[in-house]
Amino acid sequence: PARGVCFVAAGAYTGGRYTNNIYHQAEYVWPMVDNAISEARAPATVLWPFALLPWSRQVLELLLPLTDVVAAPEATASLQQVRCASESIPFKAVGSGGGRAGYWSDPRSPGMARKLMMRRCRRPLRNVSATPLVVLLERGGLDDALLRASSTGGPVPRKRRRIANREAVLALLRAAMPAARVELRYSPAAEVPLCEQLDVFSGASVVLTPHGAQLNNAVFAAPRTTVVEAMPWAKRQYPGHVAMLRYS
């Protein structure tokens with residue numbers, strides 16, 4: 001890493017989506033990874049002066065293994081003065097008007113990040129099975145939460161984004177692609193080791209999933225994987241993960 005050089009997550013967020021949602025933390029994480037790859041220079045330190053979620057920390061530490069990742073409350077202005085003597089590079093969230101057109105400025109970055117992550121996790125770079133695999137990926141934990149709410153009369157989870165006619169969709173996929181293996185999978189919790197999270201996309205030729213943060217890891221899917229993001233009607237014009245997966 002470049003001595004005295006820091007990447008700094010700019011914006012003093014004390015609550016809301018940038019502190020509790022990995023989809024939005026990726027608006028910082030991927031541009032940092034993109035900068036390190038495109039400039040062929042990793043920072044000595046990443047300063048993250050608000051809550052850093054497990055997924056974000058794991059991505060940074062696996063892809064920038066020699067960089068010291070420091071988050072709140074240790075990531076203070078005084079530490080920045082000490083650690084960032086040569087250069088302090090601020091990053092603003094892609095969706096906050098930070099001036100970036102997207103997550104990746106260098107078309108090579110997603111592919112290089114994927115190769116590095118696969119090596120770090122000791123996963124194969126390419127799908128090895130001759131039988132195509134189609135994955136219907138549901139958001140983990142929702143089925144259990146809805147079942148508990150139904151049986152106890154408790155509150156129904158606010159975020160109910162899932163495939164409503166799941167069995168019909170699975171049957172349709174099997175009929176449309178009889179030579180393929182069709183599987184129902186669930187996204188793991190963000191606290192699960194990242195290398196295990198990647199197995200959700202492992203070997204897949206096609207992935208169909210509702211809009212959600214589980215798609216962050218689609219960056220690591222094999223080349224030519226078809227990813228279908230099912231968007232709620234109210235978000236039909238929302239770019240979703242299209243910008244994040246550009247070039248991947």
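Where is arginine 224 found? In this predicted model, arginine 224 sits in the loop that runs between strand 7 (206-210) and strand 8 (226-230). Its relative accessible area is 78%, so arginine 224 is exposed. Together with Lys115, Arg119 and Arg126, Arg224 forms a positive surface patch.

Arginine 185 is placed otherwise. This residue belongs to strand 6 (residues 181-186). Arginine 185 counts as buried because its relative accessibility is 17%, and buried means under 20%. The side chain of arginine 185 reaches the backbone oxygen of serine 202 at 3.4 Å.

Arginine 185 also takes part in charge pairing. Side chains of opposite charge can pair when their charged atoms come close. Glutamate 183 forms a salt bridge with arginine 185, with 2.9 Å between the closest N and O atoms. Glutamate 183 forms a salt bridge with arginine 181 as well, where the closest N and O atoms are 2.9 Å apart. Arginine 181 is partly exposed at 37% relative accessible area, and glutamate 183 is partly exposed at 23%.

The structure holds eight salt bridges. One of them joins the side chains of glutamate 87 and arginine 41, at 3.2 Å from N to O. Glutamate 87 lies in strand 4 (residues 87-91) and arginine 41 in the loop between helix 2 (22-38) and strand 2 (43-48), so this pair ties together parts that are 46 residues apart in sequence. Glutamate 87 is partly exposed, with a relative accessibility of 33%; arginine 41 is partly exposed too, with a relative accessible area of 31%.

Methods
Residues numbered from 1 in each chain as written. Predicted model: local features only at pLDDT ≥ 70, side-chain atom pairs only at ≥ 80, totals over all residues. Heavy atoms only, no water. Patch = residues over 30% accessible without salt bridge, like charges linked within 9 Å, V, L, I, M, F, W, Y side chains within 5 Å. Areas by Shrake-Rupley, 256 points an atom, 1.4 Å probe, with all protein chains shown as cover. Salt bridge = Lys/Arg side-chain N within 4 Å of Asp/Glu carboxyl O. Lys, Arg positive; Asp, Glu negative; His and termini not counted. Charge placed at Lys NZ, Arg CZ, Asp CG, Glu CD. Helix = DSSP H or I, 4+ residues; strand = E, 2+ residues; numbered from the N terminus. Buried < 20%, exposed > 50% of the residue type's maximum accessible area, 1.4 Å probe, protein only. Polar contact = N/O pair within 3.5 Å; in protein donor to acceptor, adjacent residues only side chain to side chain.
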